[in-house]
Amino acid sequence: MPVKHIFAFDSLQGQDGESVTAPAEVMLSGNPVTTDWPAFDSADGRVSIGIWESQEYHKIKQHPNEMEYCLILEGTVRISDKEGNSQEFSQGQAFIVQPGFDGVWESLGKVRKHYIICQCS
């Protein structure tokens, strides 16, 4: 029997996710349709947690007022800032996109991640 107020990500397995299409103005290349499996959204809309998946995907990523924690479950991503610095993260690696980030997200093939997004202001 499940424990009250505990959510196991395993419970999302086998469920259909929600298709989300990135706005054309932020897409640089790849498939703009991603899939999201929301696990938690706070009542005030400031926190969202779930699983996200994309195919090859290259878009502008801006986080003026939010923080995003990512744990890569499958695949590899490349994150680049406006100055041209980049870093890759693969399965098992976690990172935080801090408030103020302005750059590019690239899914280098199929990517699946856990995410936590928090509004910071």
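Me: Which residues does Ser 107 touch, not counting residues up to four places away in sequence?

Reply: Bear in mind that this is a predicted model. Contact means heavy atoms within 4.5 Å. By that criterion, Ser 107 touches Trp 52, Ser 54, Gln 55, Glu 56, Tyr 57, Thr 76 and Val 77, with residues up to four places away in sequence left out. Ser 107 itself belongs to strand β10, residues 101–107.

Me: Is Ser 107 buried or exposed?

Reply: Buried means under 20% relative accessible area. The relative accessible area of Ser 107 is 1%, so Ser 107 is buried.

Me: What is the order of the strands in the open sheet?

Reply: Six strands make up the open sheet, and the order is β1-β3-β4-β11-β6-β9, with antiparallel pairing. β1 (18–21) and β9 (94–97) each have a single partner strand, so one side of each has no neighbour in the sheet. From one strand to the next, the twist averages 30°.

Me: How many bridges pair β3 and β4?

Reply: Two strands pair if DSSP finds at least two bridges between them. Strand β3 (residues 33–41) and strand β4 (residues 47–54) have six, in the antiparallel sense. As one case, Thr 35 has Glu 53 in β4 as its bridge partner.

Me: How far apart are Met 67 and Pro 99 in sequence and in space?

Reply: They are 32 residues apart in sequence, while the C-alpha to C-alpha distance is 5.2 Å. Met 67 is part of strand β6, residues 66–74. Beyond four places away in sequence, Met 67 touches residues including Pro 99, Ile 96, Val 97 and Cys 118.

How values were computed: Residues numbered from 1 in each chain as written. Predicted model: local features only at pLDDT ≥ 70, side-chain atom pairs only at ≥ 80, totals over all residues. Heavy atoms only, no water. Helix = DSSP H or I, 4+ residues; strand = E, 2+ residues; numbered from the N terminus. Axes fitted to C-alpha atoms, helices over the stretch in contact; angles between N-to-C directions. Buried < 20%, exposed > 50% of the residue type's maximum accessible area, 1.4 Å probe, protein only.
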